[in-house]
4 protein chains.
Amino acid sequence: MAIAKRLAAEFIGTALLLSIGGGAGIAAQRLAGGDAAMALLVSALVGATGLAVLVLTFGNISGGLFNPVLTLSEAWRGNLRIDYVAPYIVAQVAGAVAGMAAVHGMYGLDLMTAPHGGRTGTSQWLGESVATFGLLCVFIGCGRARPAAAPFAVSAYVMAACWYSSSPAFMNPAMTLARAIGEAGALRLADAPAFVLAQLAGAGAATAIFIWLHGTSRGPVRT
Amino acid sequence: MAIAKRLAAEFIGTALLLSIGGGAGIAAQRLAGGDAAMALLVSALVGATGLAVLVLTFGNISGGLFNPVLTLSEAWRGNLRIDYVAPYIVAQVAGAVAGMAAVHGMYGLDLMTAPHGGRTGTSQWLGESVATFGLLCVFIGCGRARPAAAPFAVSAYVMAACWYSSSPAFMNPAMTLARAIGEAGALRLADAPAFVLAQLAGAGAATAIFIWLHGTSRGPVRT
Amino acid sequence: MAIAKRLAAEFIGTALLLSIGGGAGIAAQRLAGGDAAMALLVSALVGATGLAVLVLTFGNISGGLFNPVLTLSEAWRGNLRIDYVAPYIVAQVAGAVAGMAAVHGMYGLDLMTAPHGGRTGTSQWLGESVATFGLLCVFIGCGRARPAAAPFAVSAYVMAACWYSSSPAFMNPAMTLARAIGEAGALRLADAPAFVLAQLAGAGAATAIFIWLHGTSRGPVRT
Amino acid sequence: MAIAKRLAAEFIGTALLLSIGGGAGIAAQRLAGGDAAMALLVSALVGATGLAVLVLTFGNISGGLFNPVLTLSEAWRGNLRIDYVAPYIVAQVAGAVAGMAAVHGMYGLDLMTAPHGGRTGTSQWLGESVATFGLLCVFIGCGRARPAAAPFAVSAYVMAACWYSSSPAFMNPAMTLARAIGEAGALRLADAPAFVLAQLAGAGAATAIFIWLHGTSRGPVRT
């Protein structure tokens, strides 16, 4: 697939992913009227559902990654050309920002969120690392054992991670950055780098373990 | 498949779709007792579930479209005979009205709904356009990449759109019309045309982008 | 498959189906503390989930019908031997009663339910007919077009029907009977026959329509 | 697959399973603010979702059992080498304890749970037996009839069992033990053996019935 179409798919897909997640988060808080469990239930269900649907829609064009840490893991395991990594990440970040802009257009500028506990500190970073570790386990393990089921499994895991992790469970540097820029209160920009580091640590550990579990042979580059 | 059976399938399917969506909306409001998040959660889940099930049930007879904008997009991409478009849309609108009538029979005439925010204005139209844009992305993209999963993906997207869009997220002119006629308060008839235009704009943009993404060659007419 | 194993599968499956539905209904009411929407959401989700799982578990032994109206429809369309109909229905009714007994053992005898609106009258019968009509559409239509997806589609439809119908949406004479016997308040025994008649009317109409839609040729008896 | 990789998969999978179930249980109680139905809905959904995802991720390495009673049933039916049983169970129990430790790290030590009714007594043991009986029916029956759907069916059953059983529905001795150790109030350690016995009784009955239903021939050992 031509690189222009790949980048268009990553851009549109990430933009829709952030529109769905951001818009649902706002609607959930407005309608739930202080019921924090209902707001998180809706946000987690809708956001995860959106991810599955978008992977099914754009996966055959660009891989449907929408996430820099998945992009890096794919390149490490030899499934994505190294020279595609930087443009993919640029398209993902640009798409994430565009999606947040669409949310602002649909709902207006003064947004608020209900942080799921505090947003920084050791226990938060541990939670974000564990959550991202699990995400990469599912992405790699199910992607190899049951590729047709992988979009559903990754989506279902994301829903679960929104609940089980003590962190906000972004598990995605592009989303972390767009949320820090886009919604007042979701995350301070100064706190974003620590979350990104925690995501990279969890993703790196899971990738290394699965390279051992699946053997050292790597598949051919998918282009 | 003979045109009579196709139109019967579109009519029965759209009627059941509106019965499920309308009936569940009423039951959800009655039982939720003012909990707007619970009412929308149930309406979105049940309506989307009904859509998936009906596509699986009638898809091999008529395509299981139940929606004029999907009908137009299929014809544009060469997947539906042009002379089928008008009868399909008539069957869909008639089925939608019949479904609303069944809801009135099951629950009585004085109905009420809880509008999801205001029902007209620029931000509403933007929301309806974005929601319909996404619907067509999923319908076309997943329908080509993973056709067996498409009914589930479209249904899941509809559930998500009910939450993330700032509009009522009908994404279907037949449903928009039947709701404007059938349930007091859901939508004023005078507001319906603007929503239908927003739906057509979003659907047209997505169809054009995917014709570029998938290449200019179009598959043969499925008849 | 030997008839003894078929009947054992129908008996165990129907017993587990009623255990799941009855037990979840009681737990949902106890925990929901008067939130009728939450109680119905849980009952509908859990009951429908149980149905899907049991069809996947016992389907290859007995067909996984667990329901007299599905049994009759299968025989009408030539998919079940006529002399199996009576023993199947006896096993289903006996299993339903056994399942209600297990619920009584797990939770004690003084049970209560929250009737979903009134439990008799024209609008209730119309709701039960429409709900059963839709069930048979999905069972027959999806069972032919997408047999692997049919257990999920039937289950999802049942979840939706619990919400959209104005009736209790039993759609199953064995369950209707066991509920009338087993749980005080769910249904008066005197009201059961009208619901069963409504179920038969809806099921008969859907079966006749699909015999026309799918053509007059019937497949060979599956034994 | 080498035994070291199998045991690593069982250990990591069971640790993530307990992290997900334990973390989600804590988050659900904190956010639900006394709404017991919402807390159980979230715990059941997230825990069951995590199970499905982890079976899809690790199933092709170790079978994705994560549960001593499933391990024993697999060995009885000839699907697992007898000399693997003890190391599997050790890895599962160690993983369960590691998962609880991760939860403590993410959320801190003073944990609390909302017991789903009382935690011991005849009706509880009956509930746990019935729930585990059903789990093994689904695991064996669906695992043979529809192996690709089995991870989803087992997961869905677990969600249903959390609701319909009058017991806590652990259905897993490793989880029972880790919960008794790890979370104050979930279960007294002295009550754990009775639950494990109830689990073994239900699992044994279901395994015996399915050996009869599927015939006496057993498949070859999968290694």
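**Close-up views of a predicted model**

B:Asp191 is buried, having a relative accessible area of 10% (buried means under 20% relative accessible area, exposed over 50%, and partly exposed in between, with a 1.4 Å probe and protein chains only). This is a predicted model, in which local features need pLDDT of at least 70, side-chain atom pairs count only at pLDDT 80 or more, and totals for chains, interfaces and linings use all residues. Residues are numbered from 1 along each chain as its sequence is written, chains are lettered from A and ligands numbered from 1 in the order in which they are written, and side-chain values use heavy atoms, with hydrogens and water left out.

**View 1. A salt bridge joins B:Asp191 and B:Arg188.** The closest N and O atoms of the two residues are 3.1 Å apart. A salt bridge is a side-chain nitrogen of Lys or Arg within 4 Å of a carboxyl oxygen of Asp or Glu. B:Arg188 is exposed, with a relative accessible area of 55%, whereas B:Asp191 is buried.

**View 2. C:Arg77 and C:Glu74 form a salt bridge.** Their closest N and O atoms lie 2.3 Å apart. C:Arg77 counts as buried at 15% relative accessibility, and C:Glu74 is buried with a relative accessible area of 3%.

**View 3. A:Asp83 and A:Arg81 meet through their side chains in a salt bridge.** The N to O distance is 2.9 Å. A:Asp83 counts as partly exposed at 47% relative accessibility, and A:Arg81 counts as partly exposed at 35%. Over all chains, a search of the whole structure finds 12 salt bridges.

**View 4. Chain D meets chain C.** Here 34 residues of chain D are in contact with 32 residues of chain C (contact means heavy atoms within 4.5 Å). Between them the two chains bury about 2,800 Å², 80% of it on carbon and sulfur atoms; buried area is the accessible area (1.4 Å probe) that two parts lose on being put together, summed over both. In chain D, the residues that lose the most area to chain C are D:Trp163, D:Tyr164 and D:Leu213, together 23% of what that side buries.

How many salt bridges does the rule find across the interface of chain D and chain C? The rule finds zero salt bridges there.
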